[in-house]
Amino acid sequence: MDINRRNLLKILGAAGFSTAVAAALTAPFNKRQIANAQSHSGGEDAEHRWVMIIDLRKCIGCDYCVYACQAINDVPDDMRWNVHVVDQTRTGEVFHMTRPCLHCQEPPCADVCPTGATYQRGDGLVVMDYDRCIGCRYCQVACPYDVRRFNWEPVDQDAPANDLQPQWGSAEVERRSRGVTEKCTFCIHRLDRGLEHGLTPGVDEAATPACVNICPVEARIFGDLNDPDSRVSQIIENTPTFRLAEELGTEPNVYYVPAEGMVTT
Amino acid sequence: MTTATAQRTQTAQPPNAPFIIWVGLLGLLMVWGAVSGIIVLTIGLAVTGLTDQVPWGLWIVLDLSAISLGAGAFIFSAIVYLLKLERFRIFARVAVLVGFLGYTSAMLALFLDIGRPDRFFYPIIFPNVHSVLWEITMCVVLYFAVLAAEMAPVVLESRFFSRWPQAAQIGHQIHKATPFLAVVGLGLSLLHQSSLGATYGVIAARPLWYKPSLPIMFILSAAAGGIGATILGVHVVSYFKGKFVIKKKVIEQAAIIAGGMLALYLYIKIWDWATTTYYSSTAARETDLALLRLTTPYDTSFWLVEVLLGGMIPLVIFFWPRLRRNFWWLSLASLLTVVGIVFLRWNVTVAGLVVPLDWSPGSAFLFPRIFYAPTVPELGAFFGIVAYALLGYTLAVRFLPIFEEEEEPPSSMPIDETAPA
C-alpha cells in the first residue's frame with residue numbers, strides 16, 4: 001500500500017476511531033476502579049473496617065490459635081489457614097510468629113482471580129465463593145504471604161478433618177470440595193451473625209474470630225478500626241506497629257506489635 | 001538418490017511400516033495419557049508433584065509452550081493479509097494446523113490442571129475483568145474459534161467430504177471470511193501471547209517475576225518459536241515426501257523472519273538480564289536469585305539452554321546463508337528455537353515458585369528449600385497430550401489438503417541439499 005495523503009488520512013482516522021472505541025469501552029471499568037480505590041483507602045463508605053492486632057511481645061507460641069482455627073473451620077493439619085513459626089530477632093531473641101490471612105486492602109489474590117471467586121467485601125475482608133472457584137491456583141501464585149491452601153486430596157465428607165474437632169454437633173462452616181482453594185476468613189460466619197444479633201466483634205466472643213477468643217495471653221486483638229473507641233484503634237494509635245511486606249503495597253489489615261529487641265524499619 | 005526418492009514417493013500413499021510404528025507409538029503414549037487423565041480426574045491433583053508452594057508445574061509449561069508454538073498461525077496471517085506478501089500464503093494452512101493443534105493441546109492440559117474441570121466455563125459467565133488470566137481465557141477461547149473457522153474449509157475440502165458437495169460450498173463460504181478472521185486472530189494473539197508473560201510479570205510478591213520485560217519476551221519468543229515450529233513441520237513432511245511441499249526459497253525467507261524475531265527476543269533478554277542484575281536490581285531480587293542459583297541448576301538452564309542452544313545457535317543458522325540453505329541445519333535451528341522457548345517457560349514458571357516467600361519479619365531463614373518434580377501421572381498426561389498433537393499433525397498432513405500441489409520438481413529433494421544451491 002502506498003503511503004499517500006489519502007491513505008495516511010485513512011490510517012489516522014482508523015487509529016483515532018479505535019482509540020475512541022477503546023476509551024469508551026474501558027471508561028465504566030475505570031470509573032469502578034477509581035470508586036474501588038477510594039473505598040479501599042478511605043473506607044468512608046464502609047461501616048466497619050475489621051483489623052487484627054498480633055502482639056509479638058506477648059505470644060508464647062502455645063499453638064492454641066492454630067488449633068482453634070482448625071477445629072472451627074474444619075481444616076486438616078496439612079492445610080492450616082493460621083500458621084505458627086519460631087523466628088528470631090537479629091540479636092538472637094526467639095519470638096513466635098503467627099500468621100492468619102492478612103486481609104489486604106489491596107489483595108493480589110482477588111485481583112488475579114479469573115472468576116471473581118475471591119473478592120473483597122465492603123468491610124474490607126477478602127473472602128471466597130467456593131462455588132465459583134475453578135481451581136486455577138493463580139491466587140496461590142499471587143499471594144505474598146503463602147496464605148492460600150488448595151484441596152489437593154479427595155475430601156471425605158464424613159470423616160473429621162483433624163483430631164481437634166468435636167465428634168458431635170455440626171461444623172460452623174461448610175467443608176470445601178476437592179479442587180478449590182481456601183483461606184482464612186476472619187471467621188466471617190461469626191462476624192456476620194454476631195452483627196445481626198447486635199453483638200460487637202472483638203468484644204463479644206460469639207462475634208469474634210476463634211483464634212482471638214482462645215488466646216490465653218491476649219496476644220490477638222480484634223476490632224473495628226473505623227470505631228475510634230475500639231481497642232484496636234487505641235492500640236494502633238498509641239503503640240508502634242508494623243505490617244508484613246508493606247513495600248508490596250498490599251496494605252494488610254493485620255498489624256503486628258514488634259517483639260522486644262526487634263528492629264522494624 | 002533419485003531412486004530413493006522415487007521409492008519414497010511411491011510408498012507415500014499406502015501405509016508403510018515406519019508410519020504404522022510411529023502411529024502405534026503415539027497411540028501408546030496417548031493411552032498412557034488417557035489413563036493418567038482418568039486418574040487425575042477421579043483421585044484429584046494429589047497425584048501430581050504440585051504443592052501449595054509450587055501450584056503450577058509441568059502442565060502450565062506445556063500449556064504456555066503449546067500456545068506459543070501455535071503462534072505461527074497469527075504471524076503468517078499478518079504477513080499474508082496485512083503486509084500482503086502473497087508468497088507466504090502457502091504457509092497459512094500448515095501454520096493454522098499447527099496453531100489448532102497447539103491450542104487444543106493447551107486446553108486439554110488446562111482441563112486437567114484446574115481443580116474443578118466441570119467449571120471450566122466459569123470465567124465466561126463470572127468475569128473478573130481485572131484478572132490477566134481472565135483476559136487470556138477469553139482470548140484463547142475466541143482465538144480457538146477463529147482457528148476452528150480457519151481449519152473448517154481445509155477439512156470440508158478433504159476427500160472424505162467430497163461425497164457431500166454442499167460441504168465444499170460451505171467451506172468456500174467460510175474461506176471468504178479468512179482475511180477478516182486473520183485480522184481478528186492477530187488482535188487476539190497480540191493480546192494473549194503477551195499476557196501469558198504478564199501473568200507472571202504482574203505478581204509483585206515474586207521479585208524474580210515482577211518486571212515489565214516478561215510480556216515482551218513472551219510475545220517475541222512466541223513469534224520466533226511459532227515460525228520455527230511451522231518450518232519444522234514443513235521440513236518433516238518434505239523429508240518423508242521426498243520433495244519440498246513449500247518452495248525452498250519461501251521457507252528460507254520464513255527462516256529469516258524467525259531469525260529477526262529471535263534476534264529481537266535475544267536483545268530484550270540480554271537487556272533484561274543486564275538491567276535486573278546490575279543497574280536496576282532490587283535487594284529482594286538479588287536475594288531470590290542467589291537462592292535460586294544455590295538450590296537449582298538455573299545458571300546452566302538459563303545460559304546454556306535458553307541463551308546459547310535456544311537463542312544464539314539458531315540465530316546464527318537463520319542468518320548465515322550457507323547454513324540456512326542446508327535442510328538439516330535449518331531443521332536443527334527450528335528445533336532449537338522450539339526447545340529454547342519451552343525452556344524459557346519452564347525456567348520462568350519454576351524459578352519464580354521454588355524460591356520461598358519470606359514473609360516473617362525476623363532474621364532466621366525459616367522456610368525450607370522447595371522442591372518440585374513431576375510425578376508419573378503428570379508425565380503421562382504431558383506425553384499423552386504431546387502425542388495427541390503429533391498424531392493430529394501426522395494424520396492431517398496425510399489426509400487433508402494442507403499443502404497445495406507439488407511446488408518443486410523432485411530434483412530439489414532435501415537429500416540433494418548437500419550440494420551447493
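**A tutorial on reading a predicted two-chain model**

Tutor: In this predicted model, A:Asp204 is partly exposed, with 14 other C-beta atoms within 10 Å.

Student: Why does that number make A:Asp204 partly exposed?

Tutor: A residue is buried with 20 or more such neighbours and exposed with 12 or fewer. The count of 14 for A:Asp204 falls in between, so the residue is classed as partly exposed.

Student: Where does A:Asp204 lie, and which residues does it touch?

Tutor: A:Asp204 sits in the loop between helix H5 (188-196) and helix H6 (210-214) of chain A. Leaving aside residues up to four places away in sequence, A:Asp204 touches A:Gly194 and A:Leu199. A:Gly194 is ten residues away along the chain, and the two C-alpha atoms are separated by 8.2 Å.

Student: How many helices and strands does chain A have, and what percentage of its residues is buried?

Tutor: Chain A has seven helices and nine strands. Of its 265 residues, 41% are buried. Among contacts in chain A between residues at least 6 apart in sequence, 60% join residues at least 24 apart.

Student: How should I read the contact between the chains, and how many residues does each chain give?

Tutor: The size of an interface is often given as the accessible area lost when the parts come together. Here the description is by residues: 44 from chain A and 34 from chain B. On the side of chain A that touches chain B, strand S2 (83-88), strand S3 (94-99), helix H3 (108-112), helix H4 (138-142) and strand S6 (149-150) each supply at least two residues. The largest share, four residues, comes from H4(A). By class, that side of chain A comprises 25 nonpolar, nine polar and ten charged residues.

Student: How does one describe a pair of packed helices, and at what angle do H5(B) and H7(B) pack?

Tutor: Two packed helices are described by the angle between their axes and the distance between the axes. Helix H5 (residues 89-113) and helix H7 (residues 132-156) of chain B pack at about 135 degrees, with axes 9 Å apart. H5(B) is therefore oblique to H7(B), and the crossing is left-handed. Residues of H5(B) in this contact include B:Phe100 and B:Tyr103, while those of H7(B) include B:Phe144 and B:Met151. The contact holds ten nonpolar, one polar and two charged residues.

Student: What is the handedness of the crossing of H3(B) and H15(B)?

Tutor: H3(B) passes H15(B) in a right-handed crossing. Their axes come within 9 Å and cross at roughly 140 degrees. Among the residues making the contact are B:Ile60 and B:Leu64 of H3(B), with B:Ile341 and B:Trp346 of H15(B). By class there are eight nonpolar, three polar and one charged.

Student: Which residues of H16(B) are buried, and what covers them?

Tutor: An α-helix has 3.6 residues a turn, so residues three or four places apart point the same way. In H16(B), the buried residues include B:Phe382, B:Ile385, B:Ala389, B:Tyr393 and B:Val397. Their cover includes H2, H3, H5 and H10 of chain B. As for length, the 24 residues of H16(B) should span 34 Å at 1.5 Å a residue, and the end C-alpha atoms are 34 Å apart, which agrees.

Student: Is H8(B) largely in the open or buried?

Tutor: None of the twelve residues of H8(B) is buried, so this helix lies largely in the open. H8(B), residues 165-176, reaches 17 Å from its first C-alpha to its last, close to the 16 Å expected.

Conventions: Residues numbered from 1 in each chain as written. Chains lettered and ligands numbered in written order. Predicted model: local features only at pLDDT ≥ 70, side-chain atom pairs only at ≥ 80, totals over all residues. Contact = placed C-beta atoms within 7 Å. Nonpolar A, V, L, I, M, F, W, Y, C, P; charged D, E, K, R; others polar. Axes fitted to C-alpha atoms, helices over the stretch in contact; angles between N-to-C directions. Parallel < 35°, antiparallel > 145°, perpendicular 65-115°, else oblique. Left-handed = near helix turned anticlockwise from the far one by under 90°. Expected span 1.5 Å × (residues − 1).
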